[in-house]
Amino acid sequence: MITKNIDENLISVIPEDSDDLLNLRRIIKQNDKVIGDTTRVLKQDKDYSRPDKGERVKVRIALTVEKISLDDVLDRLRIGGIITESSNESVPHGSHHSFILKINDGITISKKKWLPFEKNLLESSNNQVGFVLVAIDTGDSGIARLRGTHLEFMPNIYSGSGGKRYKTNFNIEKFFEQVQQAVSTILKEGDTIVIFGPGETKKRFANFIQKSQNLQKFKIQVVEGIDSGGEDGIYTFTKSNTMKEIMSDSKLAKVSSIIDEVMLLANKKSKKFTMGFDETFNANQMGAVESLIFSDKAIQDDEQKMIDFLNDVESKGVKMYGVDSSTDIGLRVTGLGGIVSLLRYSIES
């Protein structure tokens with residue numbers, strides 16, 4: 001999330017991914033003020049104009065928030081409220097309006113008092129590292145960008161080689177050039193390029209892109225042991241122990257390790273973990289939760305109840321991670337009741 005402090009009450013924000021939108025859902029509350037650009041239909045006051053026809057114009061307004069909710073699996077945030085200020089005198093104060101906030105949209109949030117955990121949420125995603133994953137073979141290449149626990153795929157790129165026994169006139173460098181161009185479109189400053197797949201193609205591609213001036217500033221890592229290309233290769237990598245080793249500081253690797261520990265404790269019939277909302281809620285009431293993972297599906301079931309719960313957990317200093325269905329780990333958490341936690345000590349159910 002890109003943030004800029006205006007003063008002690010005003011902070012401007014630009015969400016960069018779905019995790020940021022979720023954090024804003026947890027931060028913005030009733031009676032906060034949100035300022036941003038939007039469009040309104042203004043009635044034309046001209047001779048011979050139709051009374052039901054208006055002109056859509058861009059205005060800057062300030063809302064006092066009444067309601068806030070997530071739309072479409074965390075991809076949009078709807079903020080509804082009453083207009084208190086506007087840049088156009090034709091926009092009536094006191095009328096209702098809704099902002100639809102999407103990734104890369106900017107707003108300014110005004111609060112009478114910012115709580116410490118709210119500021120921590122704004123800053124939490126700034127330290128997340130990004131990875132561009134390339135699963136490449138002679139036939140095709142899968143490309144995805146991993147930030148936090150969210151995996152965003154690009155369409156597969158096909159070489160047209162016709163399989164392993166491609167004709168001698170097949171020019172693999174043209175294929176590499178296509179893949180390089182696609183990678184360049186999603187790379188962001190500080191990202192690491194991780195290349196894997198069967199055979200020697202991955203090494204040849206790594207050598208190819210290292211010659212590019214545009215990509216020389218990025219760290220490039222070649223990974224052995226992933227014998228699939230394309231989208232399947234990406235999924236195989238994100239479920240592998242290799243991913244945990246080379247991305248040990250990444251959010252996805254940490255979440256994967258927690259899930260593995262939960263499953264190990266479950267096999268041992270230990271009481272140092274929880275699954276599902278009720279178990280985790282009770283453990284939190286006792287101050288026993290050490291780390292917690294929740295899925296997007298858990299929020300959709302009862303959004304406000306879950307948001308209030310997450311904020312209470314966060315205020316106690318618990319390490320928390322949100323996951324979605326873009327990764328196998330997100331699907332696993334959903335299958336375990338949408339929320340799991342590791343506990344500081346065993347509790348009896």
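1. In which kind of crossing, left-handed or right-handed, does helix 8 pass helix 10? Helix 8 passes helix 10 in a left-handed crossing (left-handed if the near helix is turned anticlockwise from the far one by less than a right angle, right-handed if clockwise). Helices are DSSP runs (H or I, at least four residues), as strands are (E, at least two), numbered from the N terminus.

2. This is a predicted model, in which local features need pLDDT of at least 70, side-chain atom pairs count only at pLDDT 80 or more, and totals for chains, interfaces and linings use all residues. Residues are numbered from 1 along each chain as its sequence is written, and side-chain values use heavy atoms, with hydrogens and water left out.

3. Helix 8 (residues 277-285) and helix 10 (residues 303-315) pack at an angle of about 35 degrees, their axes 11 Å apart (axes are lines fitted to C-alpha atoms over the stretch in contact, and angles run from 0 to 180 degrees between N-to-C directions).

4. The largest nonpolar core has 45 residues (buried Ala, Val, Leu, Ile, Met, Phe, Trp, Tyr and Cys joined through side-chain atoms within 4.5 Å; buried means under 20% relative accessible area, exposed over 50%, partly exposed in between, with a 1.4 Å probe and protein chains only). Strand 4 (residues 54-71) gives the most to this core, with seven residues.

5. Leu 292 is one of the core members that touch the most others.

6. In helix 1 (residues 18-27), ten of ten residues are buried, including Asp 19, Asp 20, Arg 25 and Arg 26.
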